[in-house]
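Here is a short report for a reader new to this structure. Look at the sequence and the model, then read on.

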Amino acid sequence: MSLLDRVLPRADLVRAYQQVFGGGGLARDAVLGDLAVFCGEQQSSVRVGGQKAVDPYAMAVAEGRREVWLRIRAMLEMESSQAWALAQRERIEAAAARQGGR
């Protein structure tokens, strides 16, 4: 269990995302719009380098940015019941991983 999970249960974390990024207003829309562009919401993560070959490092950076954007969007769209179910699934998976590591 991560420190974040001990401090802030999943449903509370979803509410925290929704407080920060939810609601409305010009500032919120500007920040979310900027993050969408920066994180490559509408772009493939594949990046081609100077040698006309896929650049795995640039691609990893692009995919990491995209993953952050997808996390923000998922948290904004998630209901409390979905957050609880996700937390339960994560706990079961973590317990199974610990059992498999023995």
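Is valine 54 buried, partly exposed or exposed? Valine 54 is partly exposed, with a relative accessible area of 48%. Buried means under 20% relative accessible area, exposed over 50%, and partly exposed in between (1.4 Å probe, protein chains only).

## Model and confidence

This is a predicted model, in which local features need pLDDT of at least 70 and side-chain atom pairs count only at pLDDT 80 or more, while totals for chains, interfaces and linings use all residues. Residues are numbered from 1 along each chain as its sequence is written, and side-chain values use heavy atoms, with hydrogens and water left out.

The protein averages a pLDDT of 83 (the predictor's confidence in each residue, from 0 to 100). At least 70 is the score of 88% of the residues. Confidence is lowest in helix H1 (residues 3-7), at a mean of 56. It is highest in helix H3 (residues 26-38), at 92. Helices (H or I, at least four residues) and strands (E, at least two) are DSSP runs, numbered from the N terminus.

## H2 against H4

Helix H2 (residues 10-21) packs with helix H4 (residues 56-77) at an angle of about 100 degrees. Their axes lie 8 Å apart. Axes are lines fitted to C-alpha atoms, for helices over the stretch in contact, and angles run from 0 to 180 degrees between N-to-C directions. H2 is therefore roughly perpendicular to H4. Angles under 35 degrees count as roughly parallel, over 145 as roughly antiparallel, 65 to 115 as roughly perpendicular and the rest as oblique.

On the H2 side, the contact (heavy atoms within 4.5 Å) is made by Arg10, Leu13, Val14, Tyr17, Gln18 and Phe21. H4 brings Arg71, Ile72, Met75 and Leu76.

## H3 against H4

The axes of H3 and H4 come within 8 Å. They cross at roughly 145 degrees. H3 contributes Arg28, Leu32, Leu35, Ala36 and Phe38 to the contact. From H4 come Arg65, Trp69, Ile72 and Leu76.

## The loop between H3 and H4

Valine 54 sits in the loop between H3 and H4. Leaving out residues up to four places away in sequence, valine 54 touches Val46, Arg47, Val48 and Met59.

Serine 45 is also placed in the loop between H3 and H4. Serine 45 is buried, with a relative accessible area of 10%. Its side chain joins that of glutamate 63 in a polar contact of 2.4 Å. A polar contact is a pair of N or O atoms within 3.5 Å; within protein, one must be able to donate a hydrogen and the other to accept it, and residues adjacent in sequence count only if both atoms are side-chain atoms.
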